[in-house]
Amino acid sequence: MDYMMGLPLHCKGEESGSCDDLYFEDGAWKLRHVVAVDGGFVFKKRSLVSPESIDRVELAANQGVFPLLISKQVLDSAPEFESEVPFSRAVETAALKHYQLAPYWLSAPGRETTGIASGYPADDPLPKESMPQEMEPNLRSLKEVLGYEVRNGEKSLGRACDLILDLSDFSVAYLAVDTKPSESGGVRLVSTKQKDISLSVDYASKSFCTKCSSYHLQESPSADLSEGRLTLGDQQKVDLSSY
C-alpha cells in the first residue's frame, strides 16, 4: 500500500491531485478510504474516496498512476476531509452519500459491496435507525502505522514497513515486517487472517502485537517490495497459511 501514496489520481484519464493517505479498518483489515489531495501551495483540499471508486484492473496493470472510476468533477465537488478532526460515521456518511455508495458497515459480514452500482440515490437519506450513532469507525492511517514496532509480548520482531493489499476485495492481506531494520533483505510477512497469530494494533504503544514467534516469522516467505508491490505464487500462499 505504501507505493500508492503520492501517486497521481486519474479520474477517467484526467489527472486530479494525488493520493495523500489510505485508511484501513483495524480488526476487519479492510481498506475503507483513500485520501485525495488537490490544490496549490497555500490551500490544499483533501477529500475521501471509497475503494469502490478505484479501477483495480488499471491499478494492477499500471503502478504509475492511481486510476479512479469517477469523474474529476465528482471528485472536485466531494466534501472536504479535515485530517486533524477524528473520524466519525457522519464524516464517512457524507463522503459515501456524495458518491452514491451505501455505507460498508451496513453490509452483512463477507458481503461488502464491490461496485458503484450498489449505492443508493444521493437524494435518498439513510434511515436514522440504520446508522447507530454510538458505532464510531475504527479506522487508522497508513502513514501513522508505518514504522510501528512489531512485538510478540516483550520481544521485538522488527518494524512494520508496509501493508499488503489484496486488490480482489481490498482486504489487507499481510503485514510486511522488516526484521532487520538496519540491514536489507529482511522483510517477512505476517498474515492478518490467521486467528492463531492474532495480529492487532496497539496505538498507545505504537506497535503491532502478534502471537507469531520470531522463529516462525523468519521461516515465512521473504518479501521483495522493491518494485512497490508483491505477487505471491500458490506455493508461497500455502507456506504463509501453514507457518
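Guide: A nonpolar core is a set of buried Ala, Val, Leu, Ile, Met, Phe, Trp, Tyr and Cys residues joined through side-chain atoms within 4.5 Å. The structure discussed here is a predicted model.

Visitor: Which residues touch the most other members of the largest nonpolar core?
Guide: In soluble globular proteins, nonpolar side chains tend to be buried together. The largest nonpolar core here has 54 residues. Those that touch the most other members are Met-4, Phe-66, Leu-68, Leu-75, Leu-175 and Phe-208.

Visitor: With which residues is Met-4 in contact, leaving aside its neighbours within four places in sequence?
Guide: Met-4 is among the core residues that touch the most other members. Once the neighbours within four places in sequence are left aside, its contacts are Cys-19, Leu-22, Leu-59, Phe-66, Leu-165 and Leu-167.

Visitor: How many residues are in the other core, which lies apart from the largest one?
Guide: Its members include Ala-173, Tyr-174, Leu-189 and Ala-223. The number of residues in this other core is seven.

Visitor: How many residues apart in sequence are the parts that the pair of Tyr-148 and Tyr-203 ties together?
Guide: The structure holds seven aromatic pairs. One of them joins Tyr-148 and Tyr-203, with ring centres 6.3 Å apart and 65° between the planes, which makes the pair edge-to-face. Tyr-148 sits in the loop between α4 (142-145) and β7 (149-152), and Tyr-203 in the loop between β11 (200-202) and β12 (207-209), so the parts tied together are separated in sequence by 55 residues.

Visitor: Are Tyr-148 and Tyr-203 buried or exposed?
Guide: The cut-off for buried is a relative accessible area under 20%, and for exposed it is over 50%. Tyr-148 and Tyr-203 both count as buried.

Visitor: Which residue lies over the face of Tyr-203?
Guide: Two arginines lie over ring faces in this model: Arg-89 over Trp-105, at 4.2 Å from the ring centre, and another over Tyr-203, at 3.8 Å from the ring centre. The residue over Tyr-203 is Arg-140.

Visitor: To which side chain is that of Arg-32 joined by a polar contact?
Guide: Arg-32 is part of strand β3 (residues 30-39). With 9% relative accessibility, Arg-32 is buried. A polar contact of 2.8 Å joins its side chain to that of Glu-25.

Visitor: How many residues apart in sequence are the parts that Asp-20 and Arg-46 tie together?
Guide: Side chains of opposite charge can pair when their charged atoms come close. Asp-20 and Arg-46 form a salt bridge of 3.2 Å, N to O. Asp-20 is in strand β2 (residues 14-25) and Arg-46 in strand β4 (residues 44-49), so the separation in sequence is 26 residues.

Visitor: Is Lys-30 buried or exposed?
Guide: The side chain of Lys-30 meets that of Asp-169 in a salt bridge (4.0 Å, N to O). Asp-169 is partly exposed, with a relative accessible area of 30%. Lys-30 has 14% relative accessibility, so it counts as buried.

Visitor: Which helix holds both Asp-76 and Lys-72?
Guide: Asp-76 and Lys-72 form a salt bridge, with the closest N and O atoms 2.8 Å apart. The two residues are separated by about one helical turn because they are four residues apart in helix α2.

Definitions and conventions
Residues are numbered from 1 along each chain as its sequence is written. This is a predicted model: local features need pLDDT of at least 70, side-chain atom pairs count only at pLDDT 80 or more; totals for chains, interfaces and linings use all residues. Side-chain values use heavy atoms; hydrogens and water are left out. Rings of Phe, Tyr and Trp (its six-membered ring) pair if their centres lie within 6.5 Å; planes under 30 degrees apart count as stacked, over 60 as edge-to-face and the rest as tilted. Buried means under 20% relative accessible area, exposed over 50%, partly exposed in between (1.4 Å probe, protein chains only). A charge sits over a ring if NZ of Lys or CZ of Arg is within 6 Å of the ring centre and within 35 degrees of the ring normal. A polar contact is a pair of N or O atoms within 3.5 Å; within protein, one must be able to donate a hydrogen and the other to accept it, and residues adjacent in sequence count only if both atoms are side-chain atoms. Contact means heavy atoms within 4.5 Å.
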